[in-house]
Amino acid sequence: MTTTRAALRTLTAARVWAREKLAAAGIPDPLTNAERMLECLLDLSRVELYLFRQQGLTESQQTQLDQWVQERFSGKPLQYLLGHTGFYGLDILVEEGVFIPRPETERLVEEVIRSVSESPVPSHPLRILDIGTGSGAIAVALSVNLSGTEIVATDVSEPALLLARKNATRNGVADRVRFALVDLFPATREAFDVIVSNPPYISSSTIPNLMPEVRDFEPHEALDGGPDGLNYHRRIIEEAKDLLTPEGLVALEVGEGQAEMVAAIMQKTGYQDNRIEKDLCGVGRVVIARKGSHG
Ligand code: SAH
């Protein structure tokens, strides 16, 4: 009688197998990849993977793991394989064709929440615009964490907006976030207290040099920010002035080395209280400014 693979492979054996396969294929961080796959497959936390290490995988779980490992060889990002990722403590669905939310962007969310909490309370529900919402990660995280806000989230990608809606629904904020398929700003020209964005910011000429995982799998319209990467920042900073309430805030994520330039553009456009916030690696990542009463 032949023994099934399932009977042979315990969680521990599966972890070692997947890690070795991924390492041999040169995939960075093979252990984390293997563990994330198993967590997702068995719906276990990382600690539980170790607690239940003698548990066996079923035949179908085994097949799925084999498939993920194979697909990962091609460089397809782990998040696309698993179909979701963590963002600001929330579970966010991701899918091919839509930008994967990054940990750096959690800084942007954190800074907006902090700035809003320190600001004078507006006389109406706080109104936030999230430009280029992608999976909806920023809009959903802000809505979950800032009660009493009305959020409009825009994108030019229909698949992104469909996914963003699903993320709003599964995180319980669908009635507080409105989505619009438009070029940056909603056509209604309504006013906002906060305009936040993580727009495309890679300079066009460096796209070919990106990690293949990003370059070959993520949508280029989510990456390409024009000749110096700042096309979108310039447009947003310029146009946001007309839509922000008098004490309104603009908060933008930037790429490495772009923060000073973006702060200078804000200053030249007449914004006040510009500040740069760094990420955990010490890279200027978020630039925030206030429209100011003279705007
Ligand atoms: N905010 C998300 C996605 C960032 S990627 C996150 O932080 O994870 C940038 C997003 O901007 C993509 O979803 C892309 O489709 C969108 N985008 C590109 N050009 C745009 C435009 N002209 N107007 C609105 N959104 C745009």
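**A ligand, its shell and some telling residues**

Modeller: A polar side-chain atom of tyrosine 232 lies 3.3 Å from a nitrogen atom of the ligand. The protein covers 96% of the 570 Å² of accessible area that the ligand has on its own. That area comes from the Shrake-Rupley method with a 1.4 Å probe; for residues, only the protein chains shown count as cover.

Colleague: What kind of model is this?

Modeller: It is a predicted model, where local features need pLDDT of at least 70, side-chain atom pairs need 80 or more, and totals for chains, interfaces and linings use all residues. Residues are numbered from 1 along each chain as its sequence is written, and side-chain values use heavy atoms, without hydrogens or water.

Colleague: Which residues around the ligand come nearest?

Modeller: Gly132, Asp155, Asp183, Leu184 and Asn198 come nearest, out of 18 residues around the ligand. To count as near, a residue needs a heavy atom within 4 Å.

Colleague: How does the shell split by class?

Modeller: Nine residues are nonpolar, six polar and three charged. Asp, Glu, Lys and Arg count as charged; Ala, Val, Leu, Ile, Met, Phe, Trp, Tyr, Cys and Pro as nonpolar; the others, Gly among them, as polar.

Colleague: Which pocket does the ligand take up?

Modeller: The largest pocket. A pocket is an open set of points on a 1 Å grid over the protein atoms alone, with protein on both sides within 12 Å along at least five of seven lines. A molecule sits there if more than half of its atoms lie within 2 Å of the grid points.

Colleague: Why is glutamine 62 called buried?

Modeller: Buried means under 20% relative accessible area, exposed over 50%, partly exposed in between (1.4 Å probe, protein chains only). Glutamine 62 has 0%, so it is buried. Its place is in helix α5 (residues 59-73); helices are DSSP runs of H or I with at least four residues, strands are runs of E with at least two, and both are numbered from the N terminus.

Colleague: Why is glutamate 104 called partly exposed?

Modeller: Glutamate 104 has 25% relative accessibility, so it falls in between. It lies in helix α7 (residues 104-118).

Colleague: Is arginine 189 buried, partly exposed or exposed?

Modeller: Partly exposed, because its relative accessibility is 44%. Arginine 189 also has a positive phi of about 55°. It is in the loop between β5 (177-181) and β6 (192-197).

Colleague: How much of the chain is buried?

Modeller: Buried residues make up 52% of the 295. The chain has twelve helices and nine strands.

How values were computed
Polar contact = N/O pair within 3.5 Å; in protein donor to acceptor, adjacent residues only side chain to side chain. 1 Å grid on protein atoms, 1.4 Å probe; cavity = no way out; pocket = protein on both sides within 12 Å on 5 of 7 lines; lining within 4 Å.
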